[in-house]
Amino acid sequence: MNTTYDVIVIGTGVAGSTVAAKVQKAGLEVAIVDERPFGGTCPQRGCDPKKVMTGISRIVDDASRVKGLGLDGEVSLNWKDLLAFKNEFTEPIPQGTEDKFQRLGIKQYHGTATFLDPHTLKIGEENVTAKYIVIATGAKPADLPFEGADHLISSDQFFEMEQLPDRLMFVGGGYISFEFAQLAARLGKEVLIIHRGRNVLENHDFEMTNKLIEHTKDLGVEIHTNTEVTKITKLDGGYKIDVKKFNHEHAMKADMVFHGAGRTPNIDHLGLENAGIEYSNKGIKVNENQQSVPHQHIYAAGDCADTGLPPLTPTAGAEAARLTSHLLHGENQEAFQKPVPSIVFTYPALGSVGLSQQEARDNHIPYEAESKTITKFFTYQRTKEPGAYAKILMNPSTGQIIGAHFLSSEAEHLVNLFALAIQQGLTKDDLTSVLWGYPTAESDIPSFF
């Protein structure tokens, strides 16, 4: 059986859903396929459930600090209840996504899509053909090159665990490890993070990540950098983890070991070779219109596309919009220039946008840096928040903002304001001249400089 459509979209996350809905509304006949429950990673296994769970732990953390200052009684985290609350947000996603596609008239397929040729996909027992094909299959945990890596538990599985063990290890010093490690520590668990490199969270400013390490250690989390896992062995009731640090070998034990060592484009199963589509370990090669190489009727967007942009939900949405403009209207896209804010939802949260100090230095970009502890600002004193910190990078000649980094309860809001400042070319003088509402985190901005 062979069915033909105008557009076939592979993947139902932010990028895929955005493209499918827009091109269907434009009058094209569209089909969409996914090998997993519809809705993608962010609302089911990523950003949203993570924010729900870490958000509750943040409330408990705040309460513990202000006990006796007008707040009495005990407040504690309960994993079972936390999981049930998270499920209120995640469980409706697949059916809700399918219902949306049905209302729009988009044909839906469940299964793995594999290229047979540049215009044809095999989905189960059916072959489907389209004038345009859009690949938006996201990312998956990266394969790790040591014996026993198959024992690692993914972040997807973390969200579904009925109970957490007493001693947890996270392999890799990325945002997944830090967010989940802090959550587990606040639940009273013993937690370790093992990171092969010298610097954790390598896309963030190293001064800021070092301060996050201090906060995370204060929660009781052990963090070992320059430490490489060489083997994981399953034992009765747990795991033995062999590691190497500075050419010295050690053995550690944990009840469960989690994968926090990054993600890789989810493209291995697509049969890209059958269509002659070029790709690397960074994803499918695309031009500025999101068109693949060499087939310009095949597009890719989101974490599976090699665009050079951070693999984040906002960039996936932006790439989908650019793709749709070109597919429907032939509008050629310019190089992506917008600053992309990135947030690690630890507590305090780490927010970054623009250049880090090491990026400016390594690329010989002139900069002036202002960094300071802001714990004694009223914003943080009123809840006894420890260690709040701000760092701003500016052009030394013009005062234009080129980077901004925050570690605090207000980081996720401040980083968005500074993303706007960088995009609009605002300067230190522009920001200090604003009459910000007081007392707010924004009214602290003039005192950052």
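Which residues does Thr427 touch, not counting residues up to four places away in sequence?

Reply: Happy to! Keep in mind that this is a predicted model. Leaving aside residues up to four places away in sequence, Thr427 touches Thr398, Gly399, Gln400 and Ile401. Thr427 itself is found in the loop between helix H13 (411-423) and helix H14 (428-432). Its relative accessibility is 17%, so Thr427 counts as buried, the cut-off being under 20%.

For context, here is a sheet elsewhere in the chain. Four strands make up an open sheet with parallel pairing, in the order E10-E9-E8-E14. Strand E10 (222-224) and strand E14 (256-259) are the edge strands, each pairing on one side only. On average, neighbouring strands of this sheet are turned by 20° against each other, direction ignored. Strand E9 (residues 190-194) runs parallel to E10 and is joined to E10 by three bridges; Ile194 stands opposite His224 in E10. Helix H7 (residues 175-186) packs on the sheet and touches strand E8 (167-171), E9, E10 and E14, with its direction at about 165° to that of E9.

There is a helix pair to look at, too. The axes of helix H3 (residues 47-65) and helix H4 (residues 79-90) come within 9 Å and cross at roughly 145°, and the crossing is right-handed. H3 contributes Pro49, Val52, Met53 and Ile56 to the contact, while H4 contributes Trp79, Leu82, Leu83, Phe85, Lys86, Phe89 and Thr90. Sorted by class, the contact of H3 with H4 has nine nonpolar residues, one polar and one charged.

Methods:
Residues are numbered from 1 along each chain as its sequence is written. This is a predicted model: local features need pLDDT of at least 70, side-chain atom pairs count only at pLDDT 80 or more; totals for chains, interfaces and linings use all residues. Side-chain values use heavy atoms; hydrogens and water are left out. Two strands pair if DSSP finds at least two bridges between them. Helices (H or I, at least four residues) and strands (E, at least two) are DSSP runs, numbered from the N terminus. Axes are lines fitted to C-alpha atoms, for helices over the stretch in contact, and angles run from 0 to 180 degrees between N-to-C directions. Contact means heavy atoms within 4.5 Å. Buried means under 20% relative accessible area, exposed over 50%, partly exposed in between (1.4 Å probe, protein chains only). A crossing is left-handed if the near helix is turned anticlockwise from the far one by less than a right angle, and right-handed if clockwise. Ala, Val, Leu, Ile, Met, Phe, Trp, Tyr, Cys and Pro count as nonpolar, Asp, Glu, Lys and Arg as charged, and the others, Gly among them, as polar.
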